[in-house]
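Colleague: Could you walk me through this model? I would like to go chain by chain and then look at one pair of helices.

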Amino acid sequence: MTTFSLLSLLLTLAVTLWSSSVLASSDYHEQLFLQPLPQSSLLASFNFRGNTSQQSFDNQHFRYFPRALGQILQHAHTKELHLRFSTGRWDAESWGPRPWNGSKEGGTGVELWAWIDAADDEEAFARWTTLTQSLSGLFCASLNFVDSTRTTRPVVSFEPTGGHSSTDGLHLLHGILPGEVVCTENLTPFLKLLPCKGKTGISSLFDGHKLFDAAWQSMSVDMRPICPPGGECLVQIEQTVDMVLDIERSKRPRANPIPRPVPNEQLVCDTSKPYNSEDTCYPLEKVTETGWSLMEVFGRSLQGVCPLAGSDGEQSVCLRVPHERSVFTSENALEIKKDDGYTRCFKLDPSSPFDLAVHEQQMNTRVPLEDPILHAERTIVGHGQERGGMRIIFGNPSETAAVDFIYFESLPWFLRPYIHTLQATITGRDGVRREIPASDLVTETFFRPAIDRERGTQLELALSVPAASTVTLTYDFEKAILRYTEYPPDANRGFNVAPAVIRILNTPDSSPVYIRSTSLLLPLPTPDFSMPYNVIILTSTVIALGFGTVFNLLVRRIVSLDEAAALGAQNIKGRILSKLVMIRDMLRPKATKVE
Amino acid sequence: MVDWADGKTCRPVFPLEIHVAAPGMQSSESQHLLRTTQHALDDLNEFAAHHLRLKLTNDTSTAQQSDDSSEVSNNGEEGPDTALTVRLIAQDGLVVPKAELHADTTQLDVFYPPSQVPIPSSSNPPLSVFIAEELQQLYGEEKATVAHILSGEKSGLDSVNPQFAESISRRLRRSMKYADTYHLSFSLFTPGSEPSSWDIEAAVQEYLAPLLHAFAPISNFTVDTQVQLYATFSPMAPPPVYDEAEAAWTLKKEDLSAFVNAAEWPLNPSIGNGPTLNFILYVPAPSQAPMMVKENRAFSWIVPQWGGVFLLNPPLSPADKGSNPAHLSQEYLRPAFMTFSHQLLTLLGTPTTPASLPLRLQTLIRIRAATLLLSASSTMGSLARLTESLPSIPIPATVASSVSTTLSHLSATCSHLRSGRFNDALATARVAETEAERSFFEKSMVGQVYFPDEHKVAVYLPLLGPIGVPLFVGLMKELKRIIAGWKAQRRAAA
C-alpha cells in the first residue's frame, strides 16, 4: 500500500475536522499553515472558509459570502464553482506531495470548472459564457477568452464535492487558460472577497510582491453547497492561497533586491581541498536550517486575529517543524504542541501584531516528507513545422501497489492528435524498456475529436501503472495552419497547450488526489506577417510606374529644335532653362526628341 | 420618426379625472357647484396640456371603489383613471371651508359650512373658488414638473417662481433614469470589525416592503444586502474633524462627495438589467463617533443618481469602553430605513407634494410616462437622423421591427394619455422605450458606424503617393507656365 504523506493527511484531517464542526451555523474560519521545505523553501498555506445559509444566499443577504461573487453565481445558475490561479511549478521530487493533495490547485494560468444548472447543453453553455465573462470582470483575468474551443465537459475527471439535492440538470464545464499571467491584479479582488479584507488576521500577510515572487503559488476559490443530513443547507465559500517561498530570496530587502556575494570572512570553506587558500574557496553546503521570521519572509507582520474568525481557542497559525526546533513568537501568543512531534499551533492575541521567528539551527531530525503517489511528466517531442508528438511519462515509485488514475487532457483544435498512434512502453526497475500494447494499461478511453475553430480535443484515459515501473505513452499529432488573423501578436513564441489533469483513484482514504502537469508550448508554422503590406506596396509601385509613363507621354509638349531655341534665348532665365533641358536630355537619352 | 421627435405627431395631454361626491347636497346644487368649480379651475389653469376634469359621483361607495381601482392598472375598463376623489361634507360651526387630504388614499375631504352651498344663481360662489384653488395647489408641483419636462430645459410655466422651478429641475437631475427594474443594494460599512451583523431581513420586510409594493405598477425592485468590515476612507478624502462645540466628528458638506471610497468599497452594480441604487449605512469607529455633517448637523445625504448614505451612531456599549455593538437590532435600523425610504422616493423622482403617497405615485406615473414618451421619441428621431446621414449603414430586420413596435406603442401611449389612462400609458411607454433603446444600440449597426475612411486611405497611400507626386509636379509646372504666359502678355501689352 502506498504510504501516504503526513502533510497531506494532516491537511485533510484538518479539513474534515473543520467541515464536521463548522456545519452548524453560518460562520467564518481562517488558518495559516507553515512548513519549511528542503532547499530553504517555505510552504505557506492560507485557508479562509465562510458559510452562509442557503436561504439568505437565495434572498441575497450576504454576510460572509461576497456579494459580487454571490450575484454572479446566482445570475449564471452556478451551483458549484472552482476557480484556480496558479504560477510556477511544484517541485514534487524535493518538496514531496502537494498541499491539499492537489485538490486546491490548478494548472499554470487560470483554470475554472463549475456545475451549472440548465435544461440542456446549449443553455448550460450560454450560462457558462455569462459566468466566465462576469468572473473575468470580477477577478481582472481574461476568463472571457474561455470560449467553446477552450471549454470541455469532462466525464470522469471531476466529481461534485458539494451536497446537491439532485445531480440531474447539472452540467460540468471546464475551461483553462494556460497562457494567463497571474499577478497582483488578481490578488486584489481575491482579498476583497474576504470579510477581513487583508486588514487583520492571516490575510494581512499578503503582499503582491512577495506572493508572485514565489517559486510556486496557487490561489483558489471554491463555492459549494453543503446539505448536512437533517439540517439546513449551507453555501460555503473556501479560498486558499498556497505558496512556496524561497527564504533567501524573500529575505532580500525590497529596496535592494540584487543578490550580493557572501563576504569572504563569512564563507565556510572546505579546507580539505588542495587549492584552498586565502583567495580560493570551495564553499561547503550549509548544515544548519535557515532561520526566518514572518516579518522577513512576508515583509510585514500578522495583524492580530480576524474578529469574525470563529470561537475562542481557534489556533489560526500552525507551524510544522520538529519540536526540538526553538521558535520565538511575540508576547501574548499561546503555543500548543501537538502529539505528532512536529506540529505546533499558536493562539494569537486579537489586538496585537504577531510575529514568529525561527533561528538558524543545526537539526538532527527533519520533518519526514513522503514520496508522491505518482510522478507525471508531459513533453512535446519531434521536430519540424508539420508534425510532432506528445510523450507522457508516469512513474510509480511504490514497490507494491499499482496506481489507477484518470488522465485528462484538453488539446487546442490546431493540435490534431492521431490516437491510433498511441503507444506505450513500460520500464521496470531493471531498466529494460518493453513495448506493450496501450490497451494493456488503458482500461477505458473517452475521446471527443476536435472541430476546427469550434471545439478542442478532449481525451480522458483510465490508466493503471503497475508497481515499481515507469510507463511512457506517446502519440503523434499534426499541426494545423491557422488563418492570418488567428495568430496572436507574439506568434513566434508558440501556442500554449493546457496542462493535463491526473486524478488518482485508489487513494487510501478515497479523497481525491490531483496532479497537474506543466503547460506546454507548441510552435506552429507562422507566416510572414508583412506579406499583405509588401503586396500592396509592390502593386502600387507597378501601377504608379505605368501611370507615370502614360502621364508623361500625355503632358509632354513636343516642340522642334528651332522653336525650343526661340523659346529659350530671350532672357537669362530662358537660357538657364534651355541649359537644364539639354542636361536633362543628356541624362535621359531615350526621351522623345524631334530633330 | 422625425415627426415624433419634433413632437408633431403627439402632443401629450394630461386630462385628470376628479370625482366629486357631494352626498349632502341636492343634485341640482351639486351640478351647479361642479360647473362653477370647473369654470374656476379653467380660469386658474394656464397650462393647457395638464387640466383637471371634474365628474360628479353621488354614490360614495362607487367613489371608494374607483378609488381602489385607480391604484392598479385598469386594463379592462375603457374609462379614464380616477385621479382624485373629492368628498364634500357639510359641517356645522365652520366659517370658511376647510380641506383635508387623506395621507394613504386618493381622497380629499372638503368640509364646508352648510350656509355656503351655492345657490343656483350665483356665478362665482366662494366654495367653488375654494375647491378650485385647493385642487390647483394640490397639482401645482405636478403641473410645473410636467411643463418642465415637456418644454425641455427652460421653465414651462411663467407663473412658477424661479426658485420652485429650480427645485424641480434639481429633483429631476438627481433622480434616476427610468428603468423596469431597479436593484436596491443595502450595505453596512464600518471601519472596524463591529457591528458585523444586522437584522436586515426583518428591517427590509418591515420598513421597505410596503413602499416597494406601492411602487409595483411603476417599477420592479430587487433587494440585496451586504456587510463590509474594515471599510476605510479613501486616502484622498479629507478625514472628519472633531468639533468641540458639537462634541462630534464632522464632515464638511463639500467633502461628502469623497466620502464613499469607490476604489475599495465593493459597491459594484448588481448583475442583470437595470440600474443599481446603493444605500450605505455607515457606522463610524468608536473613536470617531458620533459623526455628522458639519453645516446642517444631518446624518444622511443623497448622492444624485447613485444612492444614499446614512451615518448611524449606535450607543457605544458600556461594558467594555468604546466599542460598537456587535449586532444591530431592527430597532436601531429604524431611523436609517426611514431615511432610506425617503431617499428612495427622491431618487426615483417622486414629487415632494402633496402629502398623500398614492397621489404622489400617480403623479410619478404621469411624469414617467411623459419622460419615456419624450425620450423614446427623441431616440427615434436620432435613429432617423443617423440613418439619413449614413446611407451605407445596414439596418437589420430586428431594428426595423423594433422601430415599428416603438412607433405603435408610442401612438398607443399618446392615445392613452389623451383619454386619461395613465397606467396603460406608462405600460406602453415602457415597451416603446425599451424597443427604441434596443434598436438604437443594435450592435451590428454600431460596428459599422466606427469604420473610418482614414483606414482606406492608409491602405491606398502607397498607390496614391507615387501617382500624386507627378500629378502635383505637373500641376506646378502648368501653373508656372500660365503665370509666365500671363506676364509675357502684360509685357507685350506694355
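Colleague: Happy to start with chain B: what percentage of its 494 residues count as buried?

Modeller: A residue is buried if 20 or more other C-beta atoms, placed from the backbone, lie within 10 Å of its own. This is a predicted model, where local features need pLDDT of at least 70, side-chain atom pairs count only at pLDDT 80 or more, and totals for chains, interfaces and linings use all residues. Residues are numbered from 1 along each chain as its sequence is written, with chains lettered from A and ligands numbered from 1 in the order in which they are written. For the 494 residues of chain B, the buried share is 36%.

Colleague: Thanks! What is the radius of gyration of chain B?

Modeller: The radius is taken over C-alpha atoms, and the globule rule is 2.2 Å times the number of residues to the power 0.38. A compact globule of 494 residues would come out near 23 Å. The C-alpha trace of chain B spans about 115 × 80 × 50 Å along its principal axes. Its radius of gyration is 31 Å.

Colleague: Which stretch of chain B has pLDDT under 50?

Modeller: pLDDT is the predictor's confidence in each residue, from 0 to 100. Chain B has a mean of 81, and 90% of its residues reach 70 or more. Where pLDDT is low, the predicted coordinates should not be read in detail. In chain B, the values stay under 50 over residues 60–77.

Colleague: Now the helices: at what angle do α9 and α10 of chain B cross?

Modeller: Axes are lines fitted to C-alpha atoms, for helices over the stretch in contact, and angles run from 0 to 180 degrees between N-to-C directions. Helix α9 (residues 357–389) and helix α10 (residues 397–418) of chain B have axes that come within 11 Å, crossing at roughly 145°.

Colleague: Which residues of α10(B) make that contact?

Modeller: Contact here requires C-beta atoms, placed from the backbone, within 7 Å. On the α9(B) side are B:Ala369, B:Leu373, B:Ala376, B:Ser377 and B:Met380. Their α10(B) partners are B:Val403, B:Thr406, B:Leu410, B:Thr413 and B:Leu417.

Definitions and conventions: Helix = DSSP H or I, 4+ residues; strand = E, 2+ residues; numbered from the N terminus. Contact = placed C-beta atoms within 7 Å. Buried ≥ 20, exposed ≤ 12 C-beta atoms within 10 Å, placed from the backbone.
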